[in-house]
Amino acid sequence: MKVQVRNVDNVSVIDCSGDVDLYSSTDLRGTLLKEMRSGKPNVLVNMTGVSYIDSSGIATLVEGLQLSRETKTRFGLFGLRSNARSVLELARLHTVFAIFDNEKEALEKIATTEPFGGL
Amino acid sequence: MKLVINTDPRLLHIVRSVIRYYAQEAGFPEADVDCLAMAINEAASNVIRHAYDNRPDARLSLEVKSFPDRIEFVLEDEGRKVQPEAIRPRSLDDVRPGGLGTYFIRCFMDESSYDSTFTGGNRLRMVKYFSRRVSSSDEGSSQERG
């Protein structure tokens with residue numbers, strides 16, 4: 001899995017690609033928590049290239065969601081493939097994350113999204 | 001087929017690939033193939049985390065058997081006996097990290113049970129029948145059977 005960070009205007013975009021599992025989720029976790037703790041007001045995870053995500057990856061996203069409450073960061077996901085979306089729905093987590101179809105929509109809406117998810 | 005690998009999480013993708021291959025060969029539809037691969041991935045991840053405390057140099061074995069009506073998976077390790085409460089699925093209303101691996105196993109498999117008579121570590125048997133498919137009605141209601 002690859003994890004890279006871009007800054008677009010006032011938004012930190014974390015680009016993920018490949019499989020997110022017990023091994024690789026540690027990379028995503030480190031990057032996600034670092035971005036949130038660094039005081040970025042808006043953080044988006046680009047999941048367009050994520051071909052697989054397991055419970056470890058989901059746990060990482062939930063941890064990010066929880067931290068976003070403490071750091072007052074607006075946090076969202078975009079570009080989920082059908083399998084990743086299905087996993088979130090199965091875990092009934094699709095309603096607690098701000099989920100956007102694509103980057104354009106995410107960048108337009110993240111600043112006006114209800115902060116801190118649905119927790 | 002029996003696969004024996006080290007408990008290095010970098011190898012989990014190999015487990016998923018093997019399961020996908022066998023499930024496809026057995027005739028499961030693509031949606032079920034992905035579900036089965038994820039279930040076994042979660043079971044193996046539980047072994048790595050809970051039986052071996054993330055040690056990468058221990059061993060786990062996975063046996064796959066095909067039958068006319070089902071496919072069976074037996075996952076064995078020689079690690080610490082896993083306490084059921086350590087891997088009990090959390091309530092889906094309790095939004096927090098963790099607690100989903102066993103939930104996914106129960107969603108995707110028709111049967112899953114630990115062999116309490118197995119003394120060498122842990123032996124988890126999981127079964128998927130050809131006639132049953134994962135559906136929303138299975139969510140949160142799957143129980144260990146057999």
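How many bridges join strand β2 of chain B to strand β3 of chain B, and do the two run parallel or antiparallel?

Tutor: The model is a predicted one. In it, strand β2 (residues 59-66) and strand β3 (residues 70-77) of chain B are joined by 7 bridges and run antiparallel. Within this pair, B:L60 has B:D77 of β3(B) as its bridge partner. As a general point, strands of a sheet pair through backbone hydrogen bonds, either parallel or antiparallel.

The pair belongs to an open sheet of 5 strands in chain B, ordered β1-β2-β3-β5-β4, with antiparallel pairing. β1 (2-6) and β4 (111-114) of chain B each have a single partner strand, so these edge strands are left without a neighbour on one side. From one strand to the next, the twist averages 15 degrees.

Turning to the helices, the axes of α2(B) and α3(B) come within 9 Å and cross at roughly 145 degrees, and the crossing is left-handed. On the α2(B) side, the residues that meet α3(B) include B:C35, B:L36, B:M38 and B:A39; on the α3(B) side they are B:G101, B:F104, B:I105 and B:F108. This contact has 8 nonpolar, 3 polar and 1 charged residues.

Finally, there is the contact between the chains, to which chain B gives 20 residues and chain A 18 residues. On the side of chain B, α1 (12-26), α2 (30-51) and α3 (101-108) each give two or more residues. The largest share, 6 residues, comes from α2(B). That side divides into 10 nonpolar, 5 polar and 5 charged residues.

Key
Residues are numbered from 1 along each chain as its sequence is written. Chains are lettered from A and ligands numbered from 1 in the order in which they are written. This is a predicted model: local features need pLDDT of at least 70, side-chain atom pairs count only at pLDDT 80 or more; totals for chains, interfaces and linings use all residues. Two residues are in contact if their C-beta atoms, placed from the backbone, lie within 7 Å. Helices (H or I, at least four residues) and strands (E, at least two) are DSSP runs, numbered from the N terminus. Ala, Val, Leu, Ile, Met, Phe, Trp, Tyr, Cys and Pro count as nonpolar, Asp, Glu, Lys and Arg as charged, and the others, Gly among them, as polar. Two strands pair if DSSP finds at least two bridges between them. Axes are lines fitted to C-alpha atoms, for helices over the stretch in contact, and angles run from 0 to 180 degrees between N-to-C directions. A crossing is left-handed if the near helix is turned anticlockwise from the far one by less than a right angle, and right-handed if clockwise.
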